[in-house]
Amino acid sequence: MAKIKKYFYLLPLILFLFALIDSVNITGNNYYNTSYAAGTIDKSIKSDVSSKILLDYTNEKIKKKFEDVITEHEIIKILNKKGINKYSTLSFPFSKKNQKLHIYFIKIFQPDGNVYNVNLNGLKTVTAPFNTEAPIFSNQLLKTIRLPELTDGSVINYKFKTTTVKPYMKDSFFTEDYFGGLSPLKKSVYRLTIPRDVYYKYVEYGFDKKPSITENSGGTTLIWQIWNRKKIMPEQMGPSESFIVPHITVSSIRSWDKVAVWYAGLTSDIIKPGKNLKYFIKKLIRSKKTKLQKTKVIYNFVAKKIRYVGYEFGIDGYKPSNVNSVFKNRFGDCKDHATLFASMLSMIGVKAYPVLIPTTEIPDMNPKLPTPFVFDHEITAIKLKNGKFMFADTTSNVTTFGDLPPMDQGRNVLIIINSKGIIAKTPIFPPRKNRIDMKEYAALSYNGSIKSKITFVYAGAYDMYKRYLYSSESAQKKKNGILKKILNISPNAKLSGFSFKNGNSLTKPFIEKISFSAKKYAGKKGNIMLVRLPIRTMTTLAKVTALNHRKYSLKFGYNFSEKNTIYLKFPKSYKPVFIPKDINIKNIVGSFKTYYVVKNNTVVFNSYFSTNGYKIPPKNYLMVKRLFNKTIKTLSRQVLIFHDDRLTTKR
């Protein structure tokens, strides 16, 4: 149930976004109807749909002592081979510490009318899968079983119950339910029963009808239903499943202060630094004079030297480890990182506090509904002299102090200050914060060949991405990445050399240097030389805006910019006779401009591209489409024409 985790669990998506921009330059039987099993596949369902949910029924009961009993009944129809692969194994998660799991039955209804009762003795208890990039040591277990004889048209029917014996917060409950995922859906029901004398509040997402509410001696029962819903189709670089699937969040917690008191109680006995940690801090900051210098060196230590290892599920998803154990063992999860960092800062007189945060892959915290259920991560807030807060995430060992991983930006958060819960919002950094500065010195020869030296300086999101690749990729993969860049400039390019600088630093920007040459780069005809600027054309931007329109927002997850300066030296006898016009485009989603300067025998080209790409709403999609298309066309058409005066003179 607990969600707090480290951001590298979402690393594949985050790296895709970074790489994309970098590559462009810059659950009772009575619910079962036998007609479902015998029926044919609905022709209205698109061929890429692998299954259809016939019934998604969740019955949750909160008992008087806040024991939470959830019974789920699922009926799923398999439509094709993809669906067979998806449901060939069923897994039922539970916490070995405070939950009990009971599986009533698993049945398979075949298209020919046969019914297969799966033998529950075949269930195996296994630990949760291990992620090497974000190692998680969890008290979560899985009851898992393979389903035999699945075929097109098979219907899986199963029911199970999970009982949470002890609530995470005393005399409180908080819960949520998602209705059927992305699959097409015939019927989904969420039934929640609460003791009559218990306060509750709910928030709906994606619903246009209110629940039915009844009261009797058994308590208050709320029922939400969805019928005959088509498959929900996500969009490339749009919101994730948790945003677009209708869901309900319910909580009995009256205030965020109560959440703060609860969380402070989990950490009160584990935040004081011991003798060894105090001695280490004094030694670490010995040469530093200002509080800022001391804060940075402590941040760098926690970020670089405390290895991330997660502890998840149940109360372990919320309760940090003792800071002295984390320091001694040199590993911990996001809660451990944040708590250790704050504890160490307290030794130098810097006020720092834990911050519960929902990362950008889950819906944002609703300030009107207090519940810790909405958080999946923890970072640190440092109180500044002006009373404002600065946020830091030490779990990212590639993020410099003062920056934040994109997934932490623009989120409603809860700062825990003793018994007070302060609602705040993390910043969304401007485009100039996440940028690539490219400077290139290129020289044309009389025969049309070119030699070039390029320097890339990365900042913000790009800096994080490059540091990650630098530390994780093999030498050959790094070289292949460089080759891809120069071949994007010219298919005849030959790599002369490359180097990286500041790959392990958290204080200096990551720098990449490349040199290459290319024969027959310029086109020559008589005394005329045609030259395309040696710059990547950003064609990948076209893939981002391939759709004619969007239903959901376009989400890069961060604002970004790129500045290019190219010094193109041409032979002395040549004179430029055609240089493209300067461009200056600006709208609500971003800007793009170019301008030229000719001095001595050098053409200097400057371009600046900037996009407010954190989240672009559908109403602004056409504007970003126009901006990107104009940028692509402009950069790909930057052709210069030179005239050789020597040949004119000879004639």
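Which charged end sits over the ring of Tyr470? That would be Lys478, at 4.3 Å from the ring centre. Keep in mind as you look around that this is a predicted model. The protein has 14 helices and 35 strands, and 56% of its 651 residues are buried. Its accessible surface comes to about 30,500 Å², with 52% of that belonging to carbon and sulfur atoms.

**Aromatic pairs**
- The structure holds 34 aromatic pairs.
- One of them joins Tyr462 and Tyr558: the ring centres are 6.1 Å apart and the planes stand at 85°, so this pair is edge-to-face.
- Tyr462 belongs to helix α10 (residues 461-472) and Tyr558 to the loop between α12 (540-544) and β30 (560-569), so the contact ties together parts that are 96 residues apart in sequence.
- Tyr462 is buried, with a relative accessible area of 1%, and Tyr558 counts as buried at 1%.
- Phe592 and Phe609 are edge-to-face too, because their planes lie at 65° with the ring centres 6.4 Å apart.

**A charge over a ring**
- Arg254 lies over the face of Tyr199, 4.1 Å from the ring centre.

**Strand pairing around β35**
- Strand β35 (residues 639-644) runs antiparallel to β29 (residues 528-532), joined by five bridges, and Val531 stands opposite Leu640 there.
- Strand β31 (residues 574-578) also pairs with β35 in the antiparallel sense, over four bridges, with Tyr574 opposite Asp644.

Methods: Residues numbered from 1 in each chain as written. Predicted model: local features only at pLDDT ≥ 70, side-chain atom pairs only at ≥ 80, totals over all residues. Heavy atoms only, no water. Helix = DSSP H or I, 4+ residues; strand = E, 2+ residues; numbered from the N terminus. Buried < 20%, exposed > 50% of the residue type's maximum accessible area, 1.4 Å probe, protein only. Areas by Shrake-Rupley, 256 points an atom, 1.4 Å probe, with all protein chains shown as cover. Pairing = 2+ DSSP bridges. Phe/Tyr/Trp six-rings, centres within 6.5 Å; stacked < 30°, edge-to-face > 60°. Lys NZ or Arg CZ within 6 Å of the ring centre and 35° of its normal.
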